[in-house]
Amino acid sequence: MNQVNQTKIAARKLPLQRRQFMEVIGGVTAGLAFSEVAMMRGLPRVSAAEAKLEHNTVRFSEDIEPLVRLLEDTPRERVVQAFADKIRSGTSYREVLTALLLAGVRNVQPRPSVGFKFHAVLVVNSAHLASLGSPDEDRWLPIFWALDYFKSAQSQDVKEGDWTMAAVDESAVPPPHMAKRSFEEAMQKWDVEAADVAIAGYVRSAGANEVFESMARYGCRDFRSIGHKAIYVANGFRTLQCIGWRYAEPVLRSLTYALLNHTGEPNPSTSDLAADRAGRVTEELILELGSSWNEGKIDHQAAIQHLQTLRQATPEDAVRETAKLIQSGIHPQSISDALFLSAGEMVMQQPAIVALHSATSTNALQYAYRTAADDQNRLRLLLQNAAFIPHFRQAMDSRGKVGDSQINELASESVGDDSVNVEQIFDSVGKDRSLAATATFQYLETNGRAEDLIHAARQLTFLKGNDSHDYKYSSAALEDYYSVSRELRNRYLAAATYLLPGKNDRNNSLVNRVREALA
């Protein structure tokens, strides 16, 4: 097997030279008195002397390998200082983002579940989205958080066996004219070894859009790891769009390994497993719907009715009912609205890890749906997104204590105070989530600026976010506000406050450590 555990080179202490603190970035706060946002300054220079890698370890191009090694080898307590100094000396945002992604795929195994410690990879795009949506003075903060988080995941991987991605078996890589077919055959058979060499050949012989179509198909085919496969497809490709396709091969080898994860189960290609059944229904129906499926009429009432259907449906029935709605002449946008509202409603009913992933998975599947070019693949992604919603509801039921709040029953007159503002909303978050959601809905319905609320939520995530899910969720929910139809989107953002950070939450440890380091 190409994806095997290997002994890593021991971390080395890197020599330091002290220099005076110099400003790297500053934080200017607006509203909510976010004066705690730490100012990052020039930090001690770190020698990035490159060491040899083990012979069978995947190696990156010479332009980025030293920076990846710096991230791998610098102790967690010094990584913020090390990279602040590299940035000050000319290392670019894109180079740091590239090192983050590549260090993650080389050092963190997406097994036994495409989650947990592997969030160090999954969260890179979320941190990037948070940076894109931030003012210039805050743009580095999510990236420094992700650097620190990688070190935590790297340490956990060492405890679990110290996995490292192996170099590809070049002798087995298929020739260009056979690479795509070899990849698809291996994926259908759930053959890890064959898929690993096939994806290497496929990436080398095809363009990004063509490879994305294949990955999007396999990312949505089964409900395992509570949606993380679809999340990895979307987040991996979105990050590659920023850092460049030339870094794609190791990233997509890692992604392929993740997509074939079925730990603890027999081979899905020869078994009838619950996670795969809705996908089989989808494959039957996409052949029946034809090319006119995307020509219907947007109907907001139909979206609310489909929301009700999804509350009760099985995964397989969700696919069938969604297909019926499309056949009846309803535009896919109304289907997407129902899916977003379903995810938002689950967040209201059980603001915890399962509902959070219903939102982040829907974000990923909807991104793939909007990005894919193949007509059948787009329909596949839409139907499978519908199938995932009942899977998440079933997972919530298994945990118990599911509330009965319904997103379509939010009312703007419930608060009774026309002067609701952003600061009041985030002051109530953490005290009374239901009140915060109602206040948010009233604020938006009375022409409050969504951009002000979104900006405040991002700043609070920088200050209060404690793990990858805070970044994953906030980036997804704040982005998806604009993907929901205008008539329904305020409900979605109001529901999101159940999982957004509040003004009175404790600052995260990284903010405190940066403040102490710069004192």
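I looked up the second largest cavity and noted a volume of about 80 Å³. I took a cavity as a set of points, on a 1 Å grid over the protein atoms alone, where a 1.4 Å probe fits but cannot get out; a pocket is an open set with protein on both sides within 12 Å along at least five of seven lines, and lining residues have an atom within 4 Å of a point. Grid points are joined across faces, edges and corners, and a volume is the space filled by probe spheres set on the points. The model is predicted: local features need pLDDT of at least 70, side-chain atom pairs count only at pLDDT 80 or more, and totals for chains, interfaces and linings use all residues. Residues are numbered from 1 along each chain as its sequence is written, and side-chain values use heavy atoms, with hydrogens and water left out.

I recorded 6 cavities of 30 Å³ or more in the structure. Among the residues lining the second largest cavity are Asn125, Ile231, Asn363 and Lys472. Two or more lining residues come from each of H4, helix H9 (228-243), helix H15 (353-371) and helix H20 (468-480). Helices are DSSP runs (H or I, at least four residues), numbered from the N terminus. By class I noted 4 nonpolar, 6 polar and 1 charged residue in this lining; Ala, Val, Leu, Ile, Met, Phe, Trp, Tyr, Cys and Pro count as nonpolar, Asp, Glu, Lys and Arg as charged, and the others, Gly among them, as polar.

Of its 15 lining residues, Gln188, Arg221, Gly279, Arg280 and Glu283 are the closest to its centre. H11 gives the most to this lining, with 5 residues. The lining divides into 4 nonpolar, 5 polar and 6 charged residues.

I then examined helix H11 (residues 274-289) against helix H16 (residues 375-399): their axes are 9 Å apart, at an angle of about 145 degrees. Axes are lines fitted to C-alpha atoms, for helices over the stretch in contact, and angles run from 0 to 180 degrees between N-to-C directions. The contact (heavy atoms within 4.5 Å) includes Gly279 and Glu283 of H11 and Arg380 and His391 of H16. I noted 9 nonpolar, 5 polar and 2 charged residues in it.
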